[in-house]
Amino acid sequence: VQLQASGGGLVQAGGSLRLSCVASGASGNTFSKYAMGWFRQSPGKEREFVASVSAGGRTTAYSDSVQGRFTISRENGKNTVYLGIEGLKPEDTAVYYCAANTRSLVILRSDYGITDWGKGTQDTVSS
């Protein structure tokens, strides 16, 4: 499956963003069988888990650093997963990557099992 993320940009601290990721190459309702997630990589750091949503959308997971500020959701009818971000902090500056696990209904809080990655979208938070 091909993933295209969008919605990044330059935002002041305290602001909000909504990232979108559209999956293509998944026929019929196949997208609804994929677990989806968001990861990020800040300059000089390794890529880290941010959030995930189960195939059916009922189960979500977040890293401790974004819990309460980020919201992941999905619209299976549009083959799209979203990441809502509020209360942005300068440390949220990163390239955000959309990811899919096409072999599982859930994503663990790591990149274990990820089968497909998007190219990433840059979020920059100014203080």
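**Close-up 1. N79, a buried residue in a loop of the predicted model.** With a relative accessible area of 14%, N79 is buried in this predicted model, since a residue counts as buried when its relative accessible area is under 20%. N79 belongs to the loop that runs between strand β7, residues 70–75, and strand β8, residues 80–85. The backbone angle phi of N79 is near 50 degrees, which is a positive value in a residue other than glycine.

**Close-up 2. The disulfide between C21 and C98.** A disulfide is a covalent bond between the sulfur atoms of two cysteines. The count for this model comes to one disulfide, and the cysteines that it joins are C21 and C98, with a distance of 2.1 Å from S to S. The link of C21 and C98 is left-handed, with -85 degrees about the S-S bond. Because C21 lies in strand β3 (residues 17–24) and C98 lies in strand β9 (residues 94–101), the pair ties together parts that are 77 residues apart in sequence.

Close-up 3. When residues up to four places away in sequence are not counted, G7 touches L17, R18, L19 and T121. E48 is 41 residues apart from G7 along the chain, and the C-alpha atoms of G7 and E48 are separated by 19 Å.

Methods: Residues are numbered from 1 along each chain as its sequence is written. This is a predicted model: local features need pLDDT of at least 70, side-chain atom pairs count only at pLDDT 80 or more; totals for chains, interfaces and linings use all residues. Side-chain values use heavy atoms; hydrogens and water are left out. A disulfide is a pair of cysteine sulfur atoms within 2.5 Å. Helices (H or I, at least four residues) and strands (E, at least two) are DSSP runs, numbered from the N terminus. Buried means under 20% relative accessible area, exposed over 50%, partly exposed in between (1.4 Å probe, protein chains only). Contact means heavy atoms within 4.5 Å.
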